Amino acid sequence: MNLRERYDAATASLEAPFAVVDLSALRANAADLVRRAGGKPIRVASKSVRCRAVLAEVLATDGFAGIMAFTLPEALWLAREGVSDDILVAYPTADRTALAELAADEAAARAITLMVDSAAHLDLIEKAAAGGATVRLCVDIDASYRPLGGRVRVGALRSPLRTPAQVRELAEEIGRRRGLRLAGLMAYESQIAGVGDLPPGRPARARVIHAMQRRSRVELARRRGEIVAAVREVAELDFVNGGGTGSVETTAAEKAVTEIAAGSGLYQPHLFDYYSNFRGRPAALFALPVVRRPAPGVATVLGGGYLASGPADALRLPQPYLPTGLSYDANEGAGEVQTPLLGATADLLSLGDRVWFRHTKAGELCERFADLHLIDGDRLVRTVPTYRGEGKTFL
């Protein structure tokens, strides 16, 4: 039984559209992330999973510890549901209501760490959480690569804090504030972890990316080590977080880093096919039904316009995966209500047949579906709600 036959057999009782997670692929991807981390714990990036049941499945795997959430309301929910007692909120919050809830809940305040990168964040948190439990903080560090004397920036535009002196200054300021405690540091090297070094059909660009990433790794390892040393002179740190799916092994090799963040590699969306250092198995898929055969070599499926966030390019389109040999019409792409697919394979499809797709990104798929159907082998073993299915948006 080939992969498509296995998926079709496991979901024969379902009406498409629907989304699935292949548990055998998920477990294989999790095991590979643990191997690449070389003994350092992996904090699961929840935005790349967006399903409470799958988060629990991953956290039960040796080598994973803690969650990196994307909003404070999400972190409060996960803590209260008992999913984890170690949750780092990856992005700063300005949610005063959630901050007041955090400060009023001592158990949640012990479990959750907030992200900051300025004294203005401290002011906002102090005001909203006044008189409550001590709030744990993590300082976000700019991990971008800035060659040519800083005239060029490669990487995400995140924290304004870049130098050991800048980070130490904020650490000292946290130490002067009652009700706040510095717990950790984080630096996300998006130009390494989130950029594949094997762009398809672009060997010259691949060489440029290789060179940039090599130099960026050296620069960041030195600077991150200096920042950690400077902060440890004025504060105790529970953790130093770094990395992402694309840089697990190189970030884990840095002595200053105590844990790795990763999430996309669990589902292996198609954006992560273009890395030379690892190969994952597609684990999260969605199925659309064929509803038209408008011409020879064309099969039209229902819906499909599930575009990913990021720059507007062809990589943001979901990828027709099974059966192989299907592609988009250049004039239509993936549509809101229907998507024509072209290729000789289309002539083998009948009305009601499924076409299986992979999303560009990992967790964003779960914003389109209320449930994930968990497949093990050729069996549907469980259906679980996504965040959307539980009525949780968090954005």
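Modeller: What follows goes through those contacts group by group. Keep in mind that this is a predicted model.

Start with the charges. The count comes to 33 salt bridges. One of them pairs Glu249 with Arg36, with the closest N and O atoms 2.7 Å apart. Glu249 belongs to helix H11 (residues 248-252) and Arg36 to helix H2 (residues 23-37), so this pair ties together parts that are 213 residues apart in sequence. Glu249 is partly exposed, at 25% relative accessibility. Arg36 is buried, because its relative accessible area is 5% and the cut-off for buried is under 20%.

Next, take Glu367 and Arg50. Their side chains meet in a salt bridge, 3.0 Å from N to O. Here both partners sit in loops. Glu367 lies between strand E15 (354-358) and strand E16 (371-376), and Arg50 lies between strand E2 (42-45) and helix H3 (52-59), so the pair ties together parts that are 317 residues apart in sequence. Glu367 counts as partly exposed, at 30% relative accessibility. Arg50 counts as buried, at 9%.

Glu126 is in helix H7 (residues 119-128). Arg177 is in the loop between helix H8 (164-175) and strand E7 (180-187), so the pair ties together parts that are 51 residues apart in sequence. Glu126 is partly exposed, with a relative accessible area of 27%. Arg177 is buried, with a relative accessible area of 13%. Some salt bridges also share partners. Those join Asp142, Arg146, Arg162, Glu219, Arg222, Arg223 and Glu226 into one network.

Now the rings. The structure holds 11 aromatic pairs. Among them are Trp77 and Tyr387. Their ring centres are 5.3 Å apart and their planes stand at 85 degrees, so this pair is edge-to-face. Trp77 is in helix H4 (residues 72-80), while Tyr387 is in the segment after strand E17 (379-385), 310 residues apart. Both Trp77 and Tyr387 are buried.

Phe286 and Phe357 form a pair that is stacked, with 5.2 Å from centre to centre and 10 degrees between the planes. This pair also links distant parts of the chain. Phe286 is in strand E10 (residues 284-295) and Phe357 is in strand E15, 71 residues apart. Phe286 is buried, with a relative accessible area of 0%. Phe357 is buried too, with a relative accessible area of 1%. Phe286, Tyr306, Phe357 and Phe369 form one aromatic cluster.

Charges and rings also meet. The charged end of Arg43 sits over the ring of Phe239, 5.2 Å from the ring centre. Likewise, the charged end of Arg358 sits over the ring of Tyr321, 5.5 Å from its centre.

On to the cysteines. The structure holds zero disulfides. A disulfide is a covalent bond between the sulfur atoms of two cysteines. Take Cys51 as a case. The cysteine sulfur closest to that of Cys51 belongs to Cys366, 6.2 Å away, which is too far for a bond. The cut-off for a disulfide is 2.5 Å between the sulfur atoms. Cys51 counts as buried, at 0% relative accessibility. Cys138 is buried as well, with a relative accessible area of 0%.

Last, helix H8. This helix has 12 residues. From its first C-alpha to its last, H8 reaches 16 Å, close to the 16 Å expected at 1.5 Å a residue. Which residues in H8 are buried? They are Val167, Leu170, Ala171, Glu173 and Ile174. These residues cover an arc of only 160 degrees around the axis, which puts them on the same side of H8. On the other side of H8, Ala165, Glu169 and Gly175 are exposed.

Definitions and conventions: Residues numbered from 1 in each chain as written. Predicted model: local features only at pLDDT ≥ 70, side-chain atom pairs only at ≥ 80, totals over all residues. Heavy atoms only, no water. Salt bridge = Lys/Arg side-chain N within 4 Å of Asp/Glu carboxyl O. Helix = DSSP H or I, 4+ residues; strand = E, 2+ residues; numbered from the N terminus. Buried < 20%, exposed > 50% of the residue type's maximum accessible area, 1.4 Å probe, protein only. Phe/Tyr/Trp six-rings, centres within 6.5 Å; stacked < 30°, edge-to-face > 60°. Lys NZ or Arg CZ within 6 Å of the ring centre and 35° of its normal. Expected span 1.5 Å × (residues − 1). Arc of directions from axis to C-beta.
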